[in-house]
Amino acid sequence: MGSYALQGAYFPIESDIDTVERQLPSTSKGKDMQAIVTTGDNDLTLAELGVPVPGPQEVRIAVDAAAVNPVDVQTRRGIYHQLGWIDRSRVVGLGWDVAGRIDAVGDGVGTWSPGTYVVALHDGLDSPTAAYAGYVVVPESAIAAAPTSTDAVGAATLPLNALTAMQALDMLGEPDGRTLLVTGAAGGVGGFALPLAARRGWAVSGLARGEDEEFVRASGALFVSTTPPARTFDAVFDTAALGAQALDAIRDGGRYVGVIPSSGPPAVRGVEVTAVVVHHDGEGLAELVRLVDEGMLAVRTAGTFPLEKALDAHAAFERGGTRGRWVLTVSENARSIP
Ligand SMILES: NC(=O)c1ccc[n+]([C@@H]2O[C@H](COP(=O)([O-])OP(=O)(O)OC[C@H]3O[C@@H](n4cnc5c(N)ncnc54)[C@H](OP(=O)(O)O)[C@@H]3O)[C@@H](O)[C@H]2O)c1
């Protein structure tokens with residue numbers, strides 16, 4: 001087993017290699033893989049280690065592509081280590097979004113078999129390895145058959161952001177003639193929330209930058225520029241985490257759904273304040289895949305980097321100014337449509 005820190009032009013990183021090597025799991029069954037791990041000290045390490053073994057009701061996916069999301073960057077920066085959501089001394093894998101091919105199944109898995117192309121959400125912050133890896137293990141209840149209208153790069157942009165949008169809308173219930181404002185409407189989560197909300201019958205508006213107006217309107221929403229009107233909407237899904245400013249846009253007694261569970265704005269004027277916490281849901285993901293294949297949901301990619309350039313992908317994300325996800329290509333199948 002070996003590992004080495006990724007030194008990037010954008011982050012002068014001093015990785016604690018000893019800590020990383022001590023904690024990497026030894027689960028090899030005669031097969032090794034590369035995986036990106038972090039100590040949460042702004043480091044990324046490319047490690048060589050044994051592939052994870054699927055337990056009961058779990059499947060192992062040979063990863064073709066894994067998207068880069070804010071949660072990965074936040075984990076690398078140590079936000080969750082500092083919050084105590086990840087043990088401070090713990091080395092963890094990165095990557096929640098995966099597209100690939102089932103490689104092995106654990107006991108009791110009946111529906112899925114090796115060779116099937118799938119997408120999945122690998123949820124959880126403190127796994128020793130995750131989707132930025134040659135192989136990842138997820139519960140069988142987390143997977144759905146891959147879309148047939150896009151390659152693994154496009155498919156990998158779907159699970160985390162679309163499931164978050166779907167589950168936030170579930171929290172808001174039936175629209176019943178209500179109005180909804182989605183902030184961050186051109187972002188990863190917001191970009192899925194707009195068409196999903198419009199499809200459910202919400203009168204939906206999207207708050208976004210001026211340059212995103214066309215995207216918002218094409219998604220079936222009215223466009224709202226960066227300062228929302230006060231006390232106007234029945235509900236807000238605040239993916240831009242504007243907090244009190246977004247809350248101010250809600251009518252008395254309305255609903256606020258945030259994306260940061262630990263720091264929502266204080267409830268005022270009878271507005272109910274909650275936050276979505278995304279969880280894996282293979283059935284919901286299958287519905288989202290169907291919507292992609294029907295052309296109702298669009299996947300957006302900013303570009304790709306090979307797995308070993310994960311640090312460059314994080315830097316590209318942090319520079320901002322792009323729409324769609326940066327995606328790590330892990331195998332030569334990343335650009336193939338299943
Ligand atoms: N709780 C959960 O389960 C869960 C799940 C998924 C994501 N999240 C969180 O949700 C948040 C959004 O995720 P994401 O993937 O959608 O991020 P994203 O792709 O970066 O999208 C955020 C969008 O908000 C826009 N924005 C930010 N401030 C704005 C402002 N003042 N006015 C107009 N637009 C503004 C950004 O525009 P610019 O790029 O121009 O700044 C960007 O388009 C992140 O904090 C993420 O960690 C939480």
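Q: How do α5 and α9 lie to each other, roughly parallel or roughly perpendicular?
A: α5 and α9 are roughly perpendicular to each other, a term for angles of 65 to 115 degrees. Helices here are DSSP runs (H or I, at least four residues), numbered from the N terminus. Please note that the model is predicted: local features need pLDDT of at least 70, side-chain atom pairs count only at pLDDT 80 or more, and totals for chains, interfaces and linings use all residues. Residues are numbered from 1 along each chain as its sequence is written.

Q: At what angle do they pack, and how far apart are the axes?
A: The angle between α5 and α9 (residues 282–293) is about 105°, and their axes are 10 Å apart. Axes are lines fitted to C-alpha atoms over the stretch in contact, with angles from 0 to 180 degrees between N-to-C directions.

Q: Which residues meet there?
A: Pro159, Ala162, Leu163 and Met166 of α5 meet Gly284, Leu285 and Leu288 of α9. Contact requires C-beta atoms, placed from the backbone, within 7 Å.

Q: Turning to the core, which residues have the most contacts inside the largest one?
A: They are Ile61, Val119, Tyr132 and Ala193, in a nonpolar core of 107 residues. Such a core joins buried Ala, Val, Leu, Ile, Met, Phe, Trp, Tyr and Cys through C-beta atoms within 7 Å; buried means 20 or more other C-beta atoms within 10 Å. Helix α5 (residues 159–172) gives the most to this core, 8 residues.

Q: Why does the core lie between the domains?
A: Domain 1 (2–158 + 299–329) and domain 2 (160–275) both give residues to it, so it lies between them. The bounds come from an automatic or database domain assignment.

Q: How many residues touch across the two domains?
A: 10 residues of domain 1 are in contact with 8 of domain 2.

Note on methods. Buried ≥ 20, exposed ≤ 12 C-beta atoms within 10 Å, placed from the backbone. Helix = DSSP H or I, 4+ residues; strand = E, 2+ residues; numbered from the N terminus. Parallel < 35°, antiparallel > 145°, perpendicular 65-115°, else oblique.
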